[in-house]
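Dear colleague,

Please find the structure below.

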Amino acid sequence: MAATRGLTGSAQLLLRGARRVPVGVAGPPRPHTGSADPPLADPVDILVQGGRIVAIAPELPDPGIPVVAAEGRWLLPGLWDHHVHLSQWARTLTWLDVSGTSSPSEVVSRVAAALTTSSEPVLTGYGFRSAAWSLQPTVAELDAVSGDRPVVLISGDGHNGWLNSVALAMLGVPVRSGALDELDWFPVFARLEELPRDKAVDEAAYREAVRRAGACGVVGITDMEFGRGYLDWPERAVRGIGGLRVRTATYRESLDDVIARGLRTGDRLLEDSGLLTMGPLKIISDGSLNTRTAYCCEPYVDQPTNRGKLNVHPAELQELLAEATAHGLEVAVHAIGDAAVGSALDAFAATGARGSIEHAQLVATSDLSRMARLPVIASVQPAHLLDDRDVTSICWPDRAQRCFPLRSLLTAGVPLAMGSDAPVARLDPWLAMAAAVHRSGDDRSAWNPAEALTPAEALAASTCAAGTVAVGSRADLVLVDHDPLAPADNTAIAAAQVRRTQVSLTVVDGVIVHDVRN
């Protein structure tokens, strides 16, 4: 494939007086061995050229290029969010917030109020979670307040949608009484682009989302958005939306097109820039906890006849992995329930595919070692445990000790890559790291504390295996105001230290994309 021509390039800069945080090293900084590399705790100058670190020393001469005064701040490799739905995340910045609601009537009240002030052609809301509601939503309730205005409401985990009759008709969905979920919902979700939209509002939201990513220290994402990101992202770059590394996934609907274009995982999508690359084939093999569709080995405790939904039959899953592997694509398999994780591991083992289990929220103990033996990473979203703790006590109280098994995965030898699944959780790596370190979002004690990570482990899982900043490192850098790995008396304090980290500077491919020092 002939790549699209890009608009970005590497830059030169000298970073003065930065202290490097040891990444991938548990405990205190490594002792100085007398080599040319200065001790990590000492402030050093760092020279960036051609997108790489080319020199590190206590003091480097001024080479006549831009100089950044770090003033003793702490330097990390750039952070990655390994699971983002960027379009949805961007649009939540303008959508109606229906999170935190406890009933359909509470959501409908917010919709009714918003309809009086919103000028959007389609009122879109995001964030309701109906798993613990005593009543489930109905189309009639939305119709009663919306009239001829289309209304689309998306659940907080993205696995069901609640639309009024006007929106259903516009999308050609047959008349129904309640919300859509899983295989009924995903095709509709992917077609929401067909509804009238204010493109200027969308464009501004994309720019703001990318800006916010940089402000959090995020230099790269794996974009799991529906659609054809391998075409959309180069077009965005031409419009000046950049400063972020993006690995863009594809879904089975566009797999044939990706193969026809000769795109393989890791291929550049821009001719003269490595910022945009082809990512994995994404497969949603089961559902979610909040919709009670995550596919489990045992029935849900509160629904004894329900084990969830397997969206892709095991034989079909193996065929998809085999096809992707034959054409150079890695595979990212969404698997939340333990039966879905087991089915995904069967497919990886049978085909030799490489890639990731996305979420791995509930894992059978016997599958931990099996996953470690495969060329598979666990792409996990620790902030989800903050939302799912209470729902788990209703649906999975008999298996709660196996939920979000971060420590067990790491101990078994499974590589971890952390992310947000934004907009399901905020695109905020510090929130994810803090949740992994102290598994509680309120005053309650940590949930399953034996599964917690240390701050060093959480950081290592958030940096795309970059390791400590050193000569030869990629020039994706983050400067922060304090050491996020500073010693702490307990996990609550350690997580609070991580959570309050302020990013002063973010550099992508040697180019400053965020700077609040002045």
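Two strands are said to pair if DSSP finds at least two bridges between them; strands (E, at least two residues) and helices (H or I, at least four) are DSSP runs numbered from the N terminus. This is a predicted model, in which local features need pLDDT of at least 70 and side-chain atom pairs count only at pLDDT 80 or more, while totals for chains, interfaces and linings use all residues. Residues are numbered from 1 along each chain as its sequence is written, and side-chain values use heavy atoms, with hydrogens and water left out.

Strand β9 (residues 151-155) pairs with strand β10 (residues 160-163) in the antiparallel sense, over three bridges. Within this pairing, W162 of β10 is the bridge partner of L153. Both strands belong to an open sheet of five strands, ordered β7-β8-β9-β10-β11, with mixed pairing. Because β7 (96-97) and β11 (180-181) stand at the edges with a single partner strand each, one side of each has no neighbour in the sheet.

A nonpolar core is a set of buried (under 20% relative accessible area, 1.4 Å probe, protein chains only) Ala, Val, Leu, Ile, Met, Phe, Trp, Tyr and Cys residues joined through side-chain atoms within 4.5 Å. The largest such core has 85 residues, and those with the most contacts inside it include F348 and L321. Helix α10 (residues 338-351) supplies the largest share of this core, seven residues. A second, separate core of 25 residues includes W95, V122, I154 and W185.

Notes: Buried means under 20% relative accessible area, exposed over 50%, partly exposed in between (1.4 Å probe, protein chains only).
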